[in-house]
Amino acid sequence: RTPDILATIKSLPARRNKYRVGCSLDVGMNTAEGERKLRSKDLDLIIVNTTASFGSSRETAAMIWPGGSEDCGDIGKGELATRIVSRILGYLESRV
């Protein structure tokens with residue numbers, strides 16, 4: 001079994017300007033499981049996606065963060081990456 005890296009980093013000391021991002025992969029879109037993982041692993045953002053994206057340039061995904069979410073729908077992987085980075089940068093810039 002693969003070690004749970006997110007559970008491991010949860011126990012590390014808090015750092016200023018940290019932003020913990022995780023993924024929740026399932027056969028279907030399971031946002032309830034994504035929300036559970038967001039809380040239990042103390043994440044700032046989780047990307048929920050499906051196994052259907054394997055070998056494809058597109059993704060069906062949602063982003064969930066404490067107090068909000070964005071259903072990205074069917075999206076190119078590059079565009080999804082851009083949205084993830086934009087969300088992280090927006091958070092970090094608000095903390096400066």
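E33 and R36 sit 3 residues apart in helix α2 (residues 31-40), so about one helical turn separates them. Helices here are DSSP runs of H or I with at least four residues, strands are runs of E with at least two, and both are numbered from the N terminus. The two side chains form a salt bridge, with the closest N and O atoms 2.7 Å apart. A salt bridge means a side-chain nitrogen of Lys or Arg within 4 Å of a carboxyl oxygen of Asp or Glu.

This is a predicted model, in which local features need pLDDT of at least 70, side-chain atom pairs count only at pLDDT 80 or more, and totals for chains, interfaces and linings use all residues. Residues are numbered from 1 along each chain as its sequence is written, and side-chain values use heavy atoms, with hydrogens and water left out.

**Salt bridges**

The count comes to 5 salt bridges.

| Pair | Closest N to O distance |
|---|---|
| E33 and R36 | 2.7 Å |
| D74 and R58 | 3.2 Å |

E33 is partly exposed, at 23%. R36 is partly exposed too, at 38%.

D74 forms its salt bridge with R58. This pair links distant parts of the chain: D74 is in strand β4 (residues 68-76), R58 is in strand β3 (residues 58-65), and they are 16 residues apart. D74 is exposed, with a relative accessible area of 52%. R58 is partly exposed, at 37%.

E79 and R83 lie 4 residues apart in helix α3 (residues 77-94), so about one helical turn separates them. E79 is partly exposed, at 40%, and R83 is partly exposed, at 27%. E70 joins E79 and R83 in a network of salt bridges.

**A buried serine**

S24 lies in strand β1 (residues 21-26). Is S24 buried or exposed? With a relative accessible area of 3%, S24 is buried. S24 touches E33, G34, K37, I46, I47, V48 and N49, leaving aside residues up to four places away in sequence. A contact means heavy atoms within 4.5 Å.

**Nonpolar cores**

A nonpolar core is a set of buried Ala, Val, Leu, Ile, Met, Phe, Trp, Tyr and Cys residues joined through side-chain atoms within 4.5 Å. The largest one has 10 residues: Y19, L45, I47, A61, M63, W65, C72, I75, L80 and I84. Elements β2 (45-50), β3, β4 and α3 each give two or more residues to this core. The largest share, 3 residues, comes from β3. Another core lies apart from it, with 6 residues, among them L6, I46, V48 and I64.

W65 belongs to the largest core. Beyond four places away in sequence, W65 touches L38, D44, L45, E70 and R87.

**The largest pocket**

The largest pocket has a volume of about 190 Å³. On a 1 Å grid over the protein atoms alone, a pocket is an open set of points where a 1.4 Å probe fits, with protein on both sides within 12 Å along at least five of seven lines; lining residues have an atom within 4 Å of a point. The lining includes S24, R36 and K37. Elements β1 and α2 each give two or more residues to the lining. Strand β1 gives the most, with 3 residues. The lining divides into 4 nonpolar, 2 polar and 5 charged residues.

Conventions: Buried means under 20% relative accessible area, exposed over 50%, partly exposed in between (1.4 Å probe, protein chains only). Grid points are joined across faces, edges and corners, and a volume is the space filled by probe spheres set on the points. Ala, Val, Leu, Ile, Met, Phe, Trp, Tyr, Cys and Pro count as nonpolar, Asp, Glu, Lys and Arg as charged, and the others, Gly among them, as polar.
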